[in-house]
Amino acid sequence: YFDKDVKVGEYYKYKLEDISLTGEKVLHDPIEVFVAKPEKYELSQNYPNPFNSITHIRYQMPEQSHVSIRVYNLLGQEVIALADEIKQAGYHVLIWDGLDKNGNLVGSGIYYYRIVSGSFKQTKKMVLLK
C-alpha cells in the first residue's frame with residue numbers, strides 16, 4: 001500500500017487485515033507511523049525502467065520550493081513538463097505515460113528527465129520500449 005497523501009511532520013495510524021484464501025479474517029493492532037522530513041533533495045531512478053506504457057518518477061524535497069521536472073529526448077528537446085509548481089517538503093511521485101506536451105505518444109528510445117528546484121539540479125536516463 002502506498003499512501004500518497006501523507007504530509008511530513010505528521011503521525012498516521014494504519015490497520016492491517018489479512019484475508020486467507022478460505023475467507024478467514026485476522027485484524028492486526030494499529031501501527032503508528034511518523035513521516036519525517038527528507039534531509040536532502042533527491043531524484044530517484046524511474047520505475048519500471050525500461051517501461052512500456054507508464055513509469056513512476058519519485059523525488060524528495062527537504063523544504064517547500066518551486067520544482068520543475070521535464071522530460072527530454074536525445075537531441076535535448078523538451079518532450080513534456082511533468083511538474084512546474086511550488087511543492088511542499090516531502091516525498092512526491094509523478095507518472096509519465098509516454099505522451100508529449102501535445103498528447104501524442106512518443107517513440108521507443110532513450111529519454112532524460114531533469115529536476116530543478118532551487119540550486120538542486122539532477123538528470124536521469126530512462127528507456128521507453130514499445
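Leaving aside neighbours within four places in sequence, Ser-65 is in contact (heavy atoms within 4.5 Å) with Tyr-41, Glu-85, Ile-86, Lys-87, Ser-117 and Gly-118. This is a predicted model, in which local features need pLDDT of at least 70 and side-chain atom pairs count only at pLDDT 80 or more, while totals for chains, interfaces and linings use all residues. Residues are numbered from 1 along each chain as its sequence is written, and side-chain values use heavy atoms, with hydrogens and water left out.

**Exercise 1.** Determine whether Ser-65 is buried or exposed, and which side chain Ser-65 joins in a polar contact.

*Solution.* Step one: the relative accessible area of Ser-65 is 12%. Step two: buried means under 20%, exposed over 50%, and partly exposed in between (1.4 Å probe, protein chains only), so Ser-65 is buried. Step three: the side chains of Ser-65 and Ser-117 are joined by a polar contact of 3.0 Å (N or O atoms within 3.5 Å; within protein, one must be able to donate a hydrogen and the other to accept it, and residues adjacent in sequence count only if both atoms are side-chain atoms).

**Exercise 2.** Describe how strand β7 is joined to β8.

*Solution.* Step one: Ser-65 lies in strand β7, residues 65-72 (strands are DSSP runs of E, at least two residues, numbered from the N terminus). Step two: β7 and β8 (residues 78-87) run antiparallel and are joined by eight bridges; strands pair if DSSP finds at least two bridges between them. Step three: Val-71 has Ile-80 in β8 as its bridge partner. Step four: the two strands form a hairpin with five residues between them, and Gly-76 in the turn has a positive phi of about 85 degrees.

Key: Helices (H or I, at least four residues) and strands (E, at least two) are DSSP runs, numbered from the N terminus.
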